[in-house]
Amino acid sequence: MHDYISDMGRVAVVVGAGYGGPAGPDEPRTPSFERNSELTRNSQSHPIHVDIYLDTDDERTIRQVVNEFDRLVDFLGFDGPFDPSEERGSFIRRSWARMKLTMNPAELGNRSLRVERALEAHTLVTDQAKTDAQAAAVIAGLIQALSDVPNACLRAGSIVMVKYETNGASVMHSRQLSQVEMRAWERFPEIHREPSRIFEALAVAVAKLDNQQFSGH
């Protein structure tokens with residue numbers, strides 16, 4: 001399993017952005033929430049962590065996606081990014097953000113739910129009439145920015161968006177990560193380097209994490 005995860009690290013380049021509190025990179029990045037109820041209880045002390053993978057080196061496309069994704073994080077109720085750092089291959093950015101002082105936990109959870117429904121409307125072709133217009137506009141802008149990116153993975157806390165190409169067609173999925181999946185993601189951040197296999201890799205990472213905890217390593 002370790003070899004499988006390591007091999008994935010040689011496949012592509014990652015865009016990473018960590019959204020967390022002002023304590024900096026030494027603070028544990030794993031959020032303590034699993035779904036929206038946990039988000040509303042723990043958002044102030046456990047801000048969200050964000051990762052972005054973009055399979056492109058086009059500067060204009062990168063900036064469009066980053067700007068739209070920052071817009072999504074802002075809509076979710078978080079300030080940031082703080083202390084951003086960037087690396088180049090394709091593009092990597094790591095940074096931190098915290099819940100806005102003007103937000104309350106109930107509204108934070110409400111916005112997360114609105115974004116989740118908007119993502120479902122776009123990626124699962126559900127009834128868009130039930131989608132909040134503001135959340136839908138944020139998601140539409142992000143999806144438009146990703147139009148020229150063949151492979152991508154974007155994570156805001158427990159929300160994950162994946163895009164990849166197969167048989168000449170683009171495929172996009174969205175879903176919520178469980179608490180254990182978020183812990184595995186933090187332990188093996190390289191798993192999102194190949195979007196078409198990310199959930200398979202995530203399952204392997206969870207199994208490896210459980211095995212390490214069981215063995216005491």
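Mentor: Rule first: rings of Phe, Tyr and Trp (its six-membered ring) pair if their centres lie within 6.5 Å; planes under 30 degrees apart count as stacked, over 60 as edge-to-face and the rest as tilted.

Trainee: How many aromatic pairs does that rule give?

Mentor: The count is zero aromatic pairs. Keep in mind that this is a predicted model, where local features need pLDDT of at least 70, side-chain atom pairs count only at pLDDT 80 or more, and totals for chains, interfaces and linings use all residues. Residues are numbered from 1 along each chain as its sequence is written, and side-chain values use heavy atoms, with hydrogens and water left out.

Trainee: Which charges lie over the face of a ring?

Mentor: R111 lies over F75, at 5.4 Å from the ring centre. R155 sits over W185, at 5.2 Å. The test is NZ of Lys or CZ of Arg within 6 Å of the ring centre and within 35 degrees of the ring normal.

Trainee: What does R155 stand opposite?

Mentor: D51. R155 belongs to β5, and five bridges join β5 (residues 152–156) to β2, running antiparallel. Strands are DSSP E runs of at least two residues, helices H or I runs of at least four, numbered from the N terminus. Two strands pair if DSSP finds at least two bridges between them.

Trainee: Is β2 mostly covered or uncovered?

Mentor: Mostly covered: five of its five residues, 50–54, are buried. Buried means under 20% relative accessible area, exposed over 50%, partly exposed in between (1.4 Å probe, protein chains only). V50, I52 and L54 point one way, D51 and Y53 the other. In a regular strand the side chains alternate between the two faces of the sheet.

Trainee: New topic. Why does R114 count as buried?

Mentor: Because its relative accessibility is 16%. R114 is in helix α4 (residues 105–123). Its side chain makes a polar contact with that of D132, at 3.1 Å. That term means a pair of N or O atoms within 3.5 Å; within protein, one must be able to donate a hydrogen and the other to accept it, and residues adjacent in sequence count only if both atoms are side-chain atoms.

Trainee: And N167, buried or exposed?

Mentor: Exposed, with a relative accessible area of 83%. N167 lies in the loop between β6 (159–166) and β7 (169–176). N167 has a positive phi of about 55° although it is not a glycine. Most residues other than glycine have a negative phi.
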